[in-house]
Amino acid sequence: ALMADVVEVDSVDYDENFFDIGGNSILALTLISRLKERSGVELQLIDIVYGPTAKNMARLISGGGKDSA
C-alpha cells in the first residue's frame with residue numbers, strides 16, 4: 001500500500017516492479033523515508049534498485065535490513 005501511495009496508483013501487486021509502475025529514483029528515496037518512519041528500518045537506494053518489489057522490501061524489513069537478509 002505504501003508503494004502504491006508513493007507512485008500514486010490504486011494498488012500494487014506483491015511482485016510488481018517499483019520502476020515499472022512509475023517509480024523513479026526520487027520516489028524511491030521518498031519510499032525509503034516512509035518505510036523508515038513505519039518500520040524503523042532504513043533501506044538504501046541500491047536495495048530498491050536491485051530488489052524493486054514489495055516482496056523484496058518486506059523481506060529486507062522483516063530481516064532488519066540487508067545485513068540480516
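The legends below describe close-up views of a predicted model.

**View 1. Salt bridge between Asp5 and Arg34.**
The side chains of Asp5 and Arg34 form a salt bridge with an N to O distance of 2.7 Å. Asp5 belongs to helix H1 (residues 2-7) and Arg34 to helix H2 (residues 25-39), so the contact ties together parts that are 29 residues apart in sequence. Asp5 has a relative accessible area of 47% and is therefore partly exposed. Arg34 is also classed as partly exposed, at 31%.

**View 2. Salt bridge between Lys36 and Glu42.**
Lys36 and Glu42 are joined by a salt bridge in which the closest N and O atoms are 3.2 Å apart. The relative accessible area of Lys36 is 40%, which means that Lys36 is partly exposed. Glu42, with a relative accessible area of 48%, is partly exposed too.

**View 3. Asp47 and the backbone of Gln44.**
Asp47 sits in helix H3 (residues 45-50). A polar atom of the Asp47 side chain lies 2.7 Å from the backbone nitrogen of Gln44. The relative accessibility of Asp47 is 10%, so Asp47 counts as buried; the cut-off for that class is under 20%.

**View 4. The largest pocket and its lining.**
The largest pocket has a volume of about 180 Å³. Its lining consists of Ala1, Leu2, Met3, Val12, Tyr14, Leu31, Leu35, Arg38, Ala54, Met57, Ala58 and Ile61. Helices H1, H2 and H4 (54-62) each supply at least two residues of this lining. H4 gives the most, with 4 residues. By class, the lining of the largest pocket has 11 nonpolar residues, no polar residues and 1 charged residue. Arg38 is among the lining residues, and arginine is counted as charged.

Met3 is in helix H1. With a relative accessibility of 5%, Met3 counts as buried. The C-alpha atoms of Met3 and Leu35 are 9.3 Å apart in space, while the two residues are 32 residues apart in sequence.

**View 5. Ala4 and Met57.**
Ala4 is placed in helix H1. The relative accessibility of Ala4 is 4%, so Ala4 counts as buried. Ala4 and Met57 are 53 residues apart in sequence, and their C-alpha atoms are 13 Å apart in space.

**View 6. The aromatic pair Phe18 and Phe19.**
A search of the whole structure finds 1 aromatic pair. The ring centres of Phe18 and Phe19 are 5.2 Å apart and the ring planes meet at 80 degrees, so the pair is edge-to-face. The distance of the centres and the angle of the planes are what describe a pair of aromatic rings. The edge-to-face class applies to planes over 60 degrees apart. Phe18 is buried, with a relative accessible area of 0%. Phe19 is partly exposed, with a relative accessible area of 30%.

**View 7. Backbone of Glu8 in the loop between H1 and H2.**
Glu8 is located in the loop between H1 and H2. Glu8 has a positive phi of about 60 degrees although it is not a glycine. At a relative accessibility of 72%, Glu8 counts as exposed.

**View 8. Arg34 and Val7.**
Arg34 lies in helix H2. The C-alpha atoms of Arg34 and Val7 are separated by 13 Å, and the two residues are 27 residues apart along the chain. Arg34 counts as partly exposed, at 31% relative accessibility. The side chain of Arg34 takes part in the salt bridge with Asp5.

Terms used. Residues are numbered from 1 along each chain as its sequence is written. This is a predicted model: local features need pLDDT of at least 70, side-chain atom pairs count only at pLDDT 80 or more; totals for chains, interfaces and linings use all residues. Side-chain values use heavy atoms; hydrogens and water are left out. Buried means under 20% relative accessible area, exposed over 50%, partly exposed in between (1.4 Å probe, protein chains only). A polar contact is a pair of N or O atoms within 3.5 Å; within protein, one must be able to donate a hydrogen and the other to accept it, and residues adjacent in sequence count only if both atoms are side-chain atoms. A salt bridge is a side-chain nitrogen of Lys or Arg within 4 Å of a carboxyl oxygen of Asp or Glu. On a 1 Å grid over the protein atoms alone, a cavity is a set of points where a 1.4 Å probe fits but cannot get out, and a pocket is an open set with protein on both sides within 12 Å along at least five of seven lines; lining residues have an atom within 4 Å of a point. Grid points are joined across faces, edges and corners, and a volume is the space filled by probe spheres set on the points. Rings of Phe, Tyr and Trp (its six-membered ring) pair if their centres lie within 6.5 Å; planes under 30 degrees apart count as stacked, over 60 as edge-to-face and the rest as tilted.
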